[in-house]
Structure formats: structure tokens, C-alpha cells
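Work through each task with the structure at hand before reading the solution.

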Amino acid sequence: MFVVLLVSMQLLTMRAAAQSNEPAWQPVYSLPSPAGWSTEHFPLPPDFAPAFIGKGTEDIRFHPGWGDSTSAGYWSYTYLWWLDGTVSSSESMLQQNLQAYYAGLVGRNITSRKIPAEKVVPTVAAVKKIKSMGKDKETYSATIRMLDYMTQRPMVLNGIIHVKDARTAGKSAVLIEVSPQAAGHAVWKQMDEIVAGFVPPQN
């Protein structure tokens, strides 16, 4: 028994050492992280949205009030899809990805939070191409009608999608801002500053 315990402890120590030697994630682009905003990144497609089109990394900037239902910044965040390959963005492609992404995200939380079926509403994403903003290659507006699994009430997220020049062979950049706040609210100015601060690799 003592030998088994000793071996287990050695394996745990070796695993921890191996993890500590893993290089930190270093993006090749620059994306601002304002003071107080939290960050997260994970591979695409996400494990909760296997129907997502494309592979790469999602890099997120969460408003400080993202998880606080009393905050003006509730559910407000900006994220980058840094995708492999030259992805041809379109209304249908972006709509499919948002639909898969948010339906999967909500579905996972319905299960983990054991939300009653009578509170569940369909997740519906809609995307429309609009006049290009700033240095965007293309710009789209979006809405995501979904269940807010934190308050367990229906919610609409408003979105702006910015297709950017990745300046990198074999890469595509899509920046997305979402918030339940209407256009013109102060949180949009904060998110717009993050988008404006995106700098692709300088080749």
C-alpha cells in the first residue's frame, strides 16, 4: 500500500512538473486587455459546439460586470476567432457558427445547472451584412435570442462582427462584440476600443 501511494505521489509530481514546463500561450497578434477585464482562450471548435465551422483559437475579453446581472456590463464581452486557413465569411457561415456556438453554450449550462424544461427557450442567431466599419474587410450586425442561463430568463444579445485582415498566410481574423445593451451604451465604446486596438502580425 505504501509503495502504491509513493508511486502515485511521484506521478503527480512529474505531471505537475511537466505542466509547469509547458510554454505560456503567446498570440502572434495584439488584442488589448483593459484594466479589470478578464481574459480566456480555448481551441475552436469549442467542445460544446462541434458544428462550428473552422479550427483555431478563441481569445476573449470579458467586461468586469459580465457575470453580474445588476451590472451595466452584464453579458458584455468581445472575442476574437483566430482561425486556421483563409475563411470566406458570409452571413450564412457566421450565422451558422453563432447558432452552433450559443445553442451549445446554453445547452451545456441547462444540463449542468439542471434548469427546468419550462424555462428553456430556443436559441436563434441572425446575421446581416452592413456597411464596413473602420478598417474592417467586412462588417455584420447580429442578434442572438437565447436563454440567459444565469438568471434563467430569455435574453437578446446584440452583436457586431468585424472581419479583419489577419496579415498572416493561412489565418483569418473575426472579432465579435456582444451585449444585451443597445447601441450607443457606454459598454459599446469600451468594446469598440478593444476592437480598434487589434493589431495583426506585422509581416
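**Exercise 1.** State which residue of S3 is the bridge partner of Thr57, and then describe how S3 pairs with its neighbours S2 and S7.

Solution. The model is a predicted one, in which local features need pLDDT of at least 70 and side-chain atom pairs count only at pLDDT 80 or more, while totals for chains, interfaces and linings use all residues. Residues are numbered from 1 along each chain as its sequence is written, and side-chain values use heavy atoms, with hydrogens and water left out. Thr57 has Trp82 as its bridge partner in S3. Strand S2 (residues 56-62) runs antiparallel to S3, joined by seven bridges, where strands (E, at least two residues) are DSSP runs numbered from the N terminus and two strands pair if DSSP finds at least two bridges between them. With S7 (residues 171-179), S3 pairs antiparallel over eight bridges; there Trp82 stands opposite Ala173, and Trp81 opposite Val174.

**Exercise 2.** Explain why S3 (residues 77-84) is largely enclosed by the rest of the structure.

Solution. Seven of the eight residues of S3 are buried, so the strand is largely enclosed; buried means under 20% relative accessible area (1.4 Å probe, protein chains only).

Terms used:
Buried means under 20% relative accessible area, exposed over 50%, partly exposed in between (1.4 Å probe, protein chains only). Helices (H or I, at least four residues) and strands (E, at least two) are DSSP runs, numbered from the N terminus.
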